[in-house]
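Here's a quick briefing to read with the model open beside you. Take a look at the fold, then go through the points by topic.

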Amino acid sequence: MKNLRYDKGFRYALFAIAAGLSLTLTACGGGSAPEPTKVPPAVPAAEPTKVPAEVVERGKAIFNQYGCQACHAIQGFAEGAVGPALDNLYTDAQKIIASPEYKSSEGRATTVEEYIRESILNPNAFVVAQCPTGPCPKGVMIQNFKDQISDSDLEALIGYLMTLGR
Ligand code: HEC
């Protein structure tokens, strides 16, 4: 995120220098002045949901580091079959949040990000219905993960998981 902002600021600075130069040139040139340089539209805000590539890479490494792949499948990356496959996590999460089962559970998430965070930190708030080999078992998903992972690792992990299935 910081890099993006820096990058934008940097490009804007370049533009400002270029615009300044062309104004100076115009002023000295005399004669028929060309159309004044058009002010470009404001730089559009970065897509808030876009996860930078380096965060995705870090999130993947953390996924492996904490053994998530032992229980979860992600195509081409992980083959666990104890918990739900995570390939379509983003859309699955949206459906779950909207479901009556979720609404009557202890789950409190209203966004996909909150749902993923809750699934990791408070896995029993809502237990997913279907796992690869039958109904999902309660209490099998790591229970004390919040004591094991640092905040920054958790953010990268969630950032990566948010890219699955969208
Ligand atoms: C020992 C097996 C096991 C491990 C290890 C494990 N999980 Fe799970 N996970 C499960 C099971 C079983 C469920 C479904 C039951 C539930 O919702 O609690 C689940 C559910 C989830 C869900 C919700 C999925 C959905 O479709 O809504 C997410 C997200 C998740 N796990 C992420 C992780 C991450 C990230 C790690 C590593 C930090 C991890 N899990 C480690 C077994 C595991």
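Start with two helices that pack against each other: the axes of H3 and H5 come within 9 Å and cross at roughly 95°. Axes here are lines fitted to C-alpha atoms, for helices over the stretch in contact, with angles running from 0 to 180 degrees between N-to-C directions. Keep in mind that this is a predicted model: local features need pLDDT of at least 70, side-chain atom pairs count only at pLDDT 80 or more, and totals for chains, interfaces and linings use all residues. Residues are numbered from 1 along each chain as its sequence is written.

**The H3–H5 pair**
- H3 and H5 are therefore roughly perpendicular to each other (angles under 35 degrees count as roughly parallel, over 145 as roughly antiparallel, 65 to 115 as roughly perpendicular and the rest as oblique).
- On the H3 side you'll find Leu89, Tyr90, Ala93, Gln94, Ile96 and Ile97, and they meet Val112, Tyr115 and Ile116 in H5.
- By class, this contact of H3 with H5 has eight nonpolar, one polar and no charged residues (Ala, Val, Leu, Ile, Met, Phe, Trp, Tyr, Cys and Pro count as nonpolar, Asp, Glu, Lys and Arg as charged, and the others, Gly among them, as polar).

**The H2–H6 pair**
- The axes of H2 and H6 come within 7 Å and cross at roughly 105°.
- H2 and H6 are therefore roughly perpendicular to each other too.
- H2 brings Val55, Val56, Arg58, Gly59, Lys60, Ile62 and Phe63 to the contact, and H6 brings Asp153, Ala156, Leu157, Gly159, Tyr160 and Leu161.
- Sorted by class, the contact of H2 with H6 has eight nonpolar, two polar and three charged residues.

**Overall layout**
- The chain has six helices and four strands (DSSP runs numbered from the N terminus: helices are H or I, at least four residues, and strands are E, at least two).
- Along the sequence, their pattern reads α-α-β-β-α-α-α-β-β-α.
- Of the chain's 166 residues, 16% count as buried (20 or more other C-beta atoms within 10 Å of a residue's own; 12 or fewer is exposed, in between is partly exposed, and C-beta atoms are placed from the backbone).
- Among contacts in the chain with a separation of 6 or more, 55% come from residues 24 or more positions apart (contact: C-beta atoms, placed from the backbone, within 7 Å).

**The nonpolar core**
- The largest nonpolar core has 18 residues, and Leu89, Ala93, Ile116, Leu157 and Leu161 have the most contacts inside it (a core is a set of buried Ala, Val, Leu, Ile, Met, Phe, Trp, Tyr and Cys residues joined through C-beta atoms within 7 Å).
- Helices H2 (53-65), H3 (89-98), H5 (112-121) and H6 (151-162) are the elements that give two or more residues to this core.
- H6 supplies the largest share of this core, six residues.

**Around the ligand**
- Of the 29 residues around the ligand, Cys68, Cys71, Gly83, Ser119 and Met141 come nearest (near: C-beta atom, placed from the backbone, within 6 Å).
- H3, H5 and H6 are the elements that give two or more residues to this shell.
- H3 gives the most to the shell, with four residues.
- The shell divides into 24 nonpolar, four polar and one charged.

**Glu106**
- Glu106 is found in the loop between helix H4 (100-103) and H5.
- Glu106 counts as exposed because it has 11 C-beta neighbours inside 10 Å.

Technical notes: Two residues are in contact if their C-beta atoms, placed from the backbone, lie within 7 Å.
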